[in-house]
Amino acid sequence: MNLKQETPHDHESLFDQAWEKTQDNFFIKGLNSGQKIEDLLPQVAGFKESFERPLTRLDCSDGRVCPGTGKMGLPGIDVLLSEDQRQVLINEIKDQGLTISGHESCGAAAIAHPGADSDDFGYQHAEKLAQVSGNKYEKIDHSRFKSSIHNERLLVIEGTKKWDCANWEGFPPQFINSAPALKLSNETAKEGNKALTGIALGSHGFSEKRFDSKNPFYIIISAEDQRQLEELTVLAQEGITEMSEKDGKDYSQIIKIDGFIAPTE
Ligand SMILES: [Zn+2]
């Protein structure tokens, strides 16, 4: 619940301000001018360090939710997962000393369980997952959000289980889908990509009012090797094609895919 009443005008000006701020970002400028992410990344201080912090958190992919260092992300944690995939996740994170969080106004929880109690649904799922996997649970309310609105300019598909891009100052506000890093299926990763991209392009995000062919939404793939980079690129492309077919419009001009292979010492 938003306790502070905002008129639609206030809301739009918040988005406009956040958009202008991200327009000045080094990576956004570089990508918009046609440069490759693999060339841009090493130019900013902290890149190597962003691969050296242990990943100790599993939070929602939501860019507003980043309550500590070492973030992995899944949309709504496990709310969108099938029972089989939930089991894969439990095995992967069993007794890893992670902190798993549920958060206020979760878009993925609202997809999985629409209605006034969708947040409670998300909290219960995250808490139960933490219990059965032997990890810690934490509830995050909006006072701890990094941004009051969805200001994500890109989606990171994380395959390395090493990249803490969310805590790298200077990297643009982002969704993180760590499904490949957490050994979840390609289908799960793809559905997550589509849900998160849909939030960015919809009325809760910067939306199609702002993303266009000159200022696209970027999908950035962080891969451990060439094989994974190619596989996740194909997967991201399939997601865009499926979204375009479903909505009867061509998203290929306003969603661009780029990727890189993670540094090895
Ligand atoms: Zn969420």
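Predicted model: local features only at pLDDT ≥ 70, side-chain atom pairs only at ≥ 80, totals over all residues.

Me: Which strand does G73 lie in?
Reply: Look for the strand that covers residues 71–74. G73 falls in that stretch, and its contacts beyond four places in sequence include D59, C60 and I176. The strand you want is β2.

Me: What distance separates the C-alpha atoms of G73 and V156?
Reply: Along the chain, these two residues are 83 residues apart. V156 is among the residues with the most contacts inside the largest nonpolar core, which has 62 residues. Setting aside residues up to four places away, V156 touches C165, Q174, F175, I176, I220 and S222. Between the C-alpha atoms of G73 and V156, the separation is 9.6 Å.

Me: How many residues of strand β3 are buried?
Reply: Strand β3 spans residues 99–103. This strand is mostly covered, and the number of its five residues that are buried is four.

Me: Which residue in β4 stands opposite I100?
Reply: I100 belongs to β3, where it stands opposite L58. Strand β1 (residues 57–60) runs parallel to β3, joined by two bridges. β3 also pairs in the parallel sense with β4 (residues 136–140), over five bridges. There, the residue opposite I100 is Y137.

Key
Residues numbered from 1 in each chain as written. Core = buried A, V, L, I, M, F, W, Y, C linked by C-beta atoms within 7 Å. Buried ≥ 20, exposed ≤ 12 C-beta atoms within 10 Å, placed from the backbone. Contact = placed C-beta atoms within 7 Å. Pairing = 2+ DSSP bridges.
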